[in-house]
Amino acid sequence: MAEAFTAGVKPGGLTDDTQIRILLCYLVKTAGPLTRDTLQGALLQEQLVNYFEFADALADVEKQHLVAIDEESQYSITKKGSTVADTLALDLPRTVRESAIRAVMQIQSWRHKAAMNRARVEEEDGEYTVWCAIGDLGSDVFRLQLAMPDKLTAETIKNNFTAHGSEIYSKVMDMLTQPSTDDDRPPVGLL
């Protein structure tokens with residue numbers, strides 16, 4: 001067993017090449033199919049492996065036919081890889097397995113939300129505009145444009161809309177479709 005580079009790996013992370021390959025098989029079997037970006041993001045975000053060791057291990061599991069890559073660049077487990085995951089995954093620390101699965105799920109959830117709840121920041125002459133939209137069935141069902149005072153605030157709004165756009169839409173629709181009370185109606189002369 002060769003020792004992996006440890007740069008960027010937190011204490012308790014994986015520093016053994018074989019364990020990294022086992023973890024990749026386990027993740028693809030448990031949460032797959034997964035893209036390289038999802039695997040890489042999850043493992044590096046949690047500091048479970050070194051980037052270079054991740055890249056080498058992923059190439060190895062593909063070369064050994066433990067995973068297969070499809071036309072959408074997603075890795076799925078092969079029968080051989082499934083056997084490796086079933087047989088050896090318990091040799092990995094439980095905290096590593098749980099942390100890796102949780103990180104994969106967070107990334108997948110974020111990507112799903114980002115596909116529905118789209119937001120972008122535009123800057124023009126030092127003014128920032130956040131464009132938010134929610135798509136459904138090929139068209140937007142909700143659009144919102146917000147002026148923000150600075151880039152940091154605009155980016156925060158963008159990220160929060162991506163994470164919570166559906167909740168925001170639901171609350172806006174609830175407020176706009178509730179029956180008006182007498183206090184909410186304009187005076188008679190203004191109708």
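Let me begin with Asp125, which counts as exposed because its relative accessibility is 72%; here buried means under 20% relative accessible area, exposed over 50%, and partly exposed in between, with a 1.4 Å probe and protein chains only. The structure before you is a predicted model, in which local features need pLDDT of at least 70 and side-chain atom pairs count only at pLDDT 80 or more, while totals for chains, interfaces and linings use all residues. Residues are numbered from 1 along each chain as its sequence is written, and side-chain values use heavy atoms, with hydrogens and water left out.

To stay with Asp125: this residue sits in the loop between S4 and strand S5 (127-136). Helices (H or I, at least four residues) and strands (E, at least two) are DSSP runs, numbered from the N terminus. The backbone of Asp125 has phi near 55°, a positive value in a residue other than glycine.

Glu123 belongs to strand S4 (residues 117-124), and its relative accessible area of 47% makes Glu123 partly exposed.

There is also a nonpolar patch on the surface, formed by Ile168, Val172, Met173 and Leu176, with about 310 Å² of accessible area together. Accessible areas come from the Shrake-Rupley method with a 1.4 Å probe, and for residues only the protein chains shown count as cover. Met173 is located in helix H6 and, at 31% relative accessibility, counts as partly exposed. In the segment after helix H6 (151-177) we find Thr181, which is partly exposed with a relative accessible area of 42%. From C-alpha to C-alpha, Thr181 and Ala154 are 35 Å apart in space and 27 residues apart in sequence.

I turn now to salt bridges. Side chains of opposite charge can pair when their charged atoms come close. The rule requires a side-chain nitrogen of Lys or Arg within 4 Å of a carboxyl oxygen of Asp or Glu. How many salt bridges does this rule give? The count comes to seven.

One of them joins Asp60 to Arg21, with the closest N and O atoms 3.5 Å apart. This pair links distant parts of the chain, since Asp60 is in helix H3 (residues 51-63) and Arg21 in helix H1 (residues 17-31), 39 residues apart. Asp60 is partly exposed, at a relative accessible area of 26%.

Another pairs Glu98 with Arg94, whose closest N and O atoms are 2.6 Å apart. Both residues lie in helix H5 (residues 94-116), four residues apart, about one turn of the helix.

Arg118 lies in strand S4 and Asp140 in strand S6 (residues 139-148), so the pair ties together parts that are 22 residues apart in sequence. Arg118 is partly exposed, with a relative accessible area of 35%, and Asp140 counts as partly exposed at 28%. Salt bridges that share partners join Arg118, Asp140 and Arg143 into one network.

Two backbone features remain. The peptide bond from Gly32 to Pro33 is cis, with omega near 0°, and Pro33 is in the loop between H1 and strand S1 (34-35). Gln47, in the loop between helix H2 (36-45) and H3, has phi near 55°, a positive value in a residue other than glycine. Its relative accessibility of 39% places Gln47 among the partly exposed residues.

Finally, the cysteines. A search of the whole structure finds zero disulfides, a disulfide being a pair of cysteine sulfur atoms within 2.5 Å. Cys25 counts as buried at 0% relative accessibility, and Cys132 likewise counts as buried, at 3%.

Methods: Patches are made of residues with over 30% relative accessible area and no salt bridge: like charges are joined within 9 Å, nonpolar side chains (Val, Leu, Ile, Met, Phe, Trp, Tyr) within 5 Å.
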